[in-house]
Amino acid sequence: NRHLQMTSQLEVDKPHQAEVQLLMPRILDVLNGYLRAVEPAQLESSAALVALRAQMLRRIQIVTGEGRVRDLLITEFVLN
């Protein structure tokens with residue numbers, strides 16, 4: 001059984017930081033739900049990280065609303 005360990009950081013403009021912080025429980029819920037649905041085989045290709053990041057950022061932006069989160073930076077990605 002494979003396990004994914006990942007840490008990330010959101011890039012948020014200062015005026016939106018407090019608002020995005022309040023939404024963090026919802027953001028984490030959406031991301032955890034998405035990551036549980038990802039098949040381990042999907043994570044093995046060289047383009048996996050780019051696709052995963054794009055899908056997660058899209059979901060975050062839906063939760064937070066347009067223009068609040070600029071980017072999602074993956075700071076650690078380990079597939080065991």
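Biologist: Where is the place of T64?
Modeller: Before I answer, note that this is a predicted model, where local features need pLDDT of at least 70, side-chain atom pairs count only at pLDDT 80 or more, and totals for chains, interfaces and linings use all residues. Residues are numbered from 1 along each chain as its sequence is written, and side-chain values use heavy atoms, with hydrogens and water left out. Helices (H or I, at least four residues) and strands (E, at least two) are DSSP runs, numbered from the N terminus. With that settled, T64 has its place in helix α3.

Biologist: Is T64 buried or exposed?
Modeller: Buried means under 20% relative accessible area, exposed over 50%, and partly exposed in between, with a 1.4 Å probe and protein chains only. The relative accessible area of T64 is 4%, so T64 is buried.

Biologist: Which residues is T64 in contact with, leaving aside its neighbours within four places in sequence?
Modeller: Contact here means heavy atoms within 4.5 Å. By that rule, the partners of T64 are V20, L23, I27 and V69.

Biologist: What span should helix α3 have, and what separates its end C-alpha atoms?
Modeller: The expected span of a helix is 1.5 Å times one less than its number of residues. Helix α3 has 17 residues (48–64), so it should span 24 Å, and this agrees with the distance between its end C-alpha atoms, 24 Å.

Biologist: Why do the buried residues of α3 lie on the same side?
Modeller: The buried residues are A48, L52, M56, L57, I60, V63 and T64. The arc is taken from the directions from the helix axis to the C-beta atoms. These residues are on the same side of α3 because they cover an arc of only 150° around the axis.

Biologist: What covers that buried side, and which exposed residues does the face turned away from it carry?
Modeller: The cover over the buried residues of α3 includes β1 (4–12), α1 (17–22), α2 (24–37) and β2. The face turned away from the buried side carries the exposed residues V50 and I62.

Biologist: Now to D71: is D71 buried or exposed?
Modeller: D71 has its place in strand β2, residues 69–79. Its relative accessible area is 18%, so D71 is buried.

Biologist: With which side chain does the side chain of D71 make a polar contact?
Modeller: Not counting residues up to four places away in sequence, D71 touches Q9, L10, E11, R53 and L57. A polar contact is a pair of N or O atoms within 3.5 Å; within protein, one must be able to donate a hydrogen and the other to accept it, and residues adjacent in sequence count only if both atoms are side-chain atoms. The side chain of D71 makes such a contact, at 2.4 Å, with that of R53.

Biologist: Which pattern does the protein chain follow along the sequence?
Modeller: The secondary structure comes to three helices and two strands. Read along the sequence, the pattern is β-α-α-α-β.
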